[in-house]
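The sequence and coordinates come first.

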Amino acid sequence: ARGVAAAARRQARTAQLLLWRHDGAHEAGAPFAFESLDPSGRGPGSLDAFVRACRGEPFYCGAGATEGLKTVATIEALYRSLRSGQPERVSGCHGL
């Protein structure tokens with residue numbers, strides 16, 4: 001369990017967004033903290049925020065409904081692009 005906790009702490013310190021492009025121009029974002037995965041802890045912060053919201057208590061919202069809609073619309077455009085072999089527009093989010 002001690003090794004798992006240490007690995008989780010390392011992961012939390014070193015998480016980063018990686019963008020791998022077909023043209024070979026890969027990019028790496030800055031490291032960021034993600035979730036606490038320490039088995040001896042209370043659990044991930046997102047679960048804690050969900051429980052607080054269900055109780056009607058103040059909670060941290062890292063991504064709300066608008067971000068969720070934009071994410072789903074982007075993923076849908078990615079699938080359309082995969083099928084068509086062409087760039088596709090993200091639709092359903094105009095003005096957001």
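Is E57 buried, partly exposed or exposed? At 30% relative accessibility, E57 counts as partly exposed, where buried means under 20% relative accessible area, exposed over 50% and partly exposed in between, with a 1.4 Å probe and protein chains only.

The model is predicted: local features need pLDDT of at least 70, side-chain atom pairs count only at pLDDT 80 or more, and totals for chains, interfaces and linings use all residues. Residues are numbered from 1 along each chain as its sequence is written, and side-chain values use heavy atoms, with hydrogens and water left out.

**Fold and confidence**

The chain holds three helices and two strands, in the order α-β-β-α-α along the sequence. Helices (H or I, at least four residues) and strands (E, at least two) are DSSP runs, numbered from the N terminus. The mean pLDDT, the predictor's confidence in each residue from 0 to 100, is 81 for the chain, and 80% of its residues reach 70 or more.

**Burial and surface**

Of the 96 residues, 9% count as buried. The accessible surface is about 8,000 Å², and 60% of that belongs to carbon and sulfur atoms; areas come from the Shrake-Rupley method with a 1.4 Å probe, and for residues only the protein chains shown count as cover.

I75, L78, Y79 and L82 make a nonpolar surface patch of about 460 Å². Patch residues have over 30% relative accessible area and no salt bridge; like charges are joined within 9 Å, and nonpolar side chains (Val, Leu, Ile, Met, Phe, Trp, Tyr) within 5 Å. Y79 lies in helix 3 (residues 65-84) and is exposed, with a relative accessible area of 52%.

**Salt bridges**

The structure holds four salt bridges, each a side-chain nitrogen of Lys or Arg within 4 Å of a carboxyl oxygen of Asp or Glu.

| Pair | N to O distance |
|---|---|
| D23 and R21 | 2.5 Å |
| E57 and R52 | 3.4 Å |
| R80 and E76 | 2.8 Å |

In the pair of D23 and R21, D23 is exposed at 52% relative accessible area, while R21 is partly exposed at 37%. R52, the partner of E57, is partly exposed at 31%. R80 and E76 are four residues apart in helix 3, so about one helical turn separates them. Salt bridges with shared partners join E76, R80 and E88 into one network.
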